[in-house]
Amino acid sequence: MASTEPRKKRTPVALVKTGRGNLGGSTFLSSIGEIAIYRGSPPLLADGDARNPGISISKALYDKYGVPRPASEEAAKLREWFADTFGKAAATGQSLVIDVGGGDRTLENWAKDENIIKLAESLGISVTGAFMIGPQQGDTAYLERLWASAAFRPSRAVLVFNEWTVPTGHDPDRIFDDVFTRVSGQSFDGCQTAFLRIPKLSCLPLVLESGLTFHDAAAGKPRPDGTPLDPFRRAMIQHWIDTIKTRISEAGIEDWLP
């Protein structure tokens, strides 16, 4: 019998991705946004790259839950876009998933100049940084530089390692252990941190090509040509979604995310 107890109201969360590019960050954000949407608490999706689509490549969801992308890469326009996006989240009481993209440096400067983290928290929006880390030394160095600059320092940070970044033929466990060791030695003063490892989805290109959400692809919804993905790949996608949910739960960070 279903529970009749009222569902606990979640505090709105702004999940802001930062870090070097090509580390699987947009896929990670898409999965987090989707999980929240299919749970019944849709966040606003925000793609801050004026040139190259990030999270907005998930068109089926972005058309419905996304905010317009910035008109240009000009710093003033990007700052205005960030302010509009946070303002809409505050007005609607929704969580927010931000794929900063090419606006990394603008975000850092804006966050520092305007003290956006405290402003957001004063409006009831908790800010979580999603710091993407990869197998290269330079990925960790970027994170160290960003933290040392104190430009964007939320009180909670998820250090995200996407197995998609592991070169073919290499052992993901060994690579992750190396990354974990490197980053664990870094000090994140005044910040709660957690590691989150995202499994690789080898059929990701097929899902993107289909135009379906991950959940719909796993459920066997038809593609534009009228056919669903085959049962094996549907099972792969469902396992991928379930693994992400499990790892979020194991890390104890459900309330850190939208």
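**Reading the model**

Q: Where is the place of E74?

A: E74 is placed in the loop between helix 2 (59-65) and helix 3 (75-92). Helices and strands are DSSP runs numbered from the N terminus, a helix being H or I with at least four residues and a strand being E with at least two. This is a predicted model, in which local features need pLDDT of at least 70 and side-chain atom pairs count only at pLDDT 80 or more, while totals for chains, interfaces and linings use all residues. Residues are numbered from 1 along each chain as its sequence is written, and side-chain values use heavy atoms, with hydrogens and water left out.

Q: Why is E74 described as partly exposed?

A: The description rests on relative accessible area: under 20% is buried, over 50% is exposed, and partly exposed lies in between, with a 1.4 Å probe and protein chains only. E74 is partly exposed because its relative accessible area is 48%. The C-alpha atoms of E74 and L107 are separated by 12 Å, and the two residues are 33 apart along the chain.

Q: How many helices and strands does the protein have?

A: The protein has ten helices and six strands. Its C-alpha atoms fill a box of roughly 50 × 45 × 45 Å, taken along the principal axes.

Q: What does the radius of gyration of the protein agree with?

A: The radius of gyration is taken over C-alpha atoms, and the globule rule is 2.2 Å times the number of residues to the power 0.38. For 258 residues a compact globule would come near 18 Å, and the protein agrees because its radius of gyration is 18 Å. Of the 258 residues, 48% count as buried.

Q: What part of the contacts joins residues 24 or more positions apart?

A: A contact means heavy atoms within 4.5 Å. Among contacts with a separation of 6 or more, 73% are between residues 24 or more positions apart.

Q: Is T140 buried or exposed?

A: T140, a residue of helix 6 (residues 137-149), counts as buried because its relative accessibility is 3%. Not counting residues up to four places away in sequence, T140 touches R182 and V183. The side chains of T140 and R182 are also joined by a polar contact of 3.0 Å. A polar contact is a pair of N or O atoms within 3.5 Å; within protein, one must be able to donate a hydrogen and the other to accept it, and residues adjacent in sequence count only if both atoms are side-chain atoms.

Q: Which residues is I175 in contact with, leaving aside its neighbours within four places in sequence?

A: With those neighbours left aside, I175 is in contact with P135, F161, V166 and H170. I175 is found in helix 7 (residues 172-184), and its relative accessible area of 9% makes it buried. Between the C-alpha atoms of I175 and D84 there are 39 Å, with 91 residues separating the two along the chain.

Q: Where do D173 and R174 lie?

A: D173 lies in helix 7, and R174 lies in helix 7 as well. D173 is partly exposed at 43% relative accessibility, and R174 is partly exposed with a relative accessible area of 41%. The side chain of D173 makes a polar contact of 2.8 Å with that of R197. From C-alpha to C-alpha, R174 and L146 are 26 Å apart in space and 28 residues apart in sequence. For D173 and D63 the corresponding values are 37 Å and 110 residues.

Q: What volume does the largest pocket have?

A: Rolling a probe the size of a water molecule over the atoms shows where empty space is left. On a 1 Å grid over the protein atoms alone, where a 1.4 Å probe fits, a pocket is an open set of points with protein on both sides within 12 Å along at least five of seven lines, and lining residues have an atom within 4 Å of a point. Grid points are joined across faces, edges and corners, and a volume is the space filled by probe spheres set on the points. The largest pocket has a volume of about 600 Å³. Of its 31 lining residues, N22, G25, S26, P53 and G54 are the closest to its centre.

Q: Which helix gives the most to the lining of the largest pocket?

A: Helix 1 gives the most, with four residues. Strand 1 (13-18), helix 1 (25-39) and helix 8 (204-210) each supply at least two residues of the lining. The lining divides into eight nonpolar, 15 polar and eight charged residues. Here Ala, Val, Leu, Ile, Met, Phe, Trp, Tyr, Cys and Pro count as nonpolar, Asp, Glu, Lys and Arg as charged, and the others, Gly among them, as polar.
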